[in-house]
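The stops below are given in the order in which they may be selected.

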Amino acid sequence: QTGISAVEIVAATALFAVITVLLVPVIGGVKDVREEAAQHQLAIIEAANLLESVADMRRGGPLTQQQLDTLTLSAPVRDRLMKPELAVALRDVEGSPPARAVAIEISWENQHGERTEPVRVVTFLYESEATGDAQP
């Protein structure tokens, strides 16, 4: 006898259904991980852009916390990340040569409403002995 019996068709359909039921959550999980990675990458790029703004601020003289407090997240970041928060801090660093640290942190809520681990970028500014200007 050639051909496929009804039992074989039912078995193949059941096997296909089981595989499909098992793969759907995996595919959804992959989508979630990709979205989290894209958000993380967006936050890193935003932090780098904010550091460029800090570099522009330094050209006008010594950097102050009040200047840093004027930094804000861009519209695409505010639209793409859920409840994003920006924290920018300036602190003196002991050592030789003396330096100041600028720390930028961006955090947001994930799809479950939990705060993510913030993206942190820190740069150190060193004073030039000859001119008194801050150097990266």
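Select Glu-85 to begin: this residue is partly exposed, with a relative accessible area of 47%, where buried means under 20%, exposed over 50% and partly exposed in between (1.4 Å probe, protein chains only). This is a predicted model in which local features need pLDDT of at least 70, side-chain atom pairs count only at pLDDT 80 or more, and totals for chains, interfaces and linings use all residues. Residues are numbered from 1 along each chain as its sequence is written, and side-chain values use heavy atoms, with hydrogens and water left out.

Arg-115 lies in the loop between β2 and β3, and Glu-85 in strand β1, 30 residues apart. Strands (E, at least two residues) and helices (H or I, at least four) are DSSP runs, numbered from the N terminus.

Now select Lys-83 and Glu-109, another salt bridge, with the closest N and O atoms 3.9 Å apart. Lys-83 is exposed at 55%, whereas Glu-109 is buried at 15%. Salt bridges with shared partners join Lys-83, Glu-85, Glu-109 and Arg-115 into one network.

Move to Arg-80 and Glu-35, which form a salt bridge at 3.7 Å between the closest N and O atoms. Arg-80 lies in helix α3 (residues 75-80) and Glu-35 in helix α1, so the pair ties together parts 45 residues apart in sequence.

Finally, select Leu-71. Contacts (heavy atoms within 4.5 Å) of Leu-71 include Leu-50, Val-54 and Leu-86.

How values were computed:
Salt bridge = Lys/Arg side-chain N within 4 Å of Asp/Glu carboxyl O. Lists of a residue's contacts leave out its neighbours within four places in sequence.
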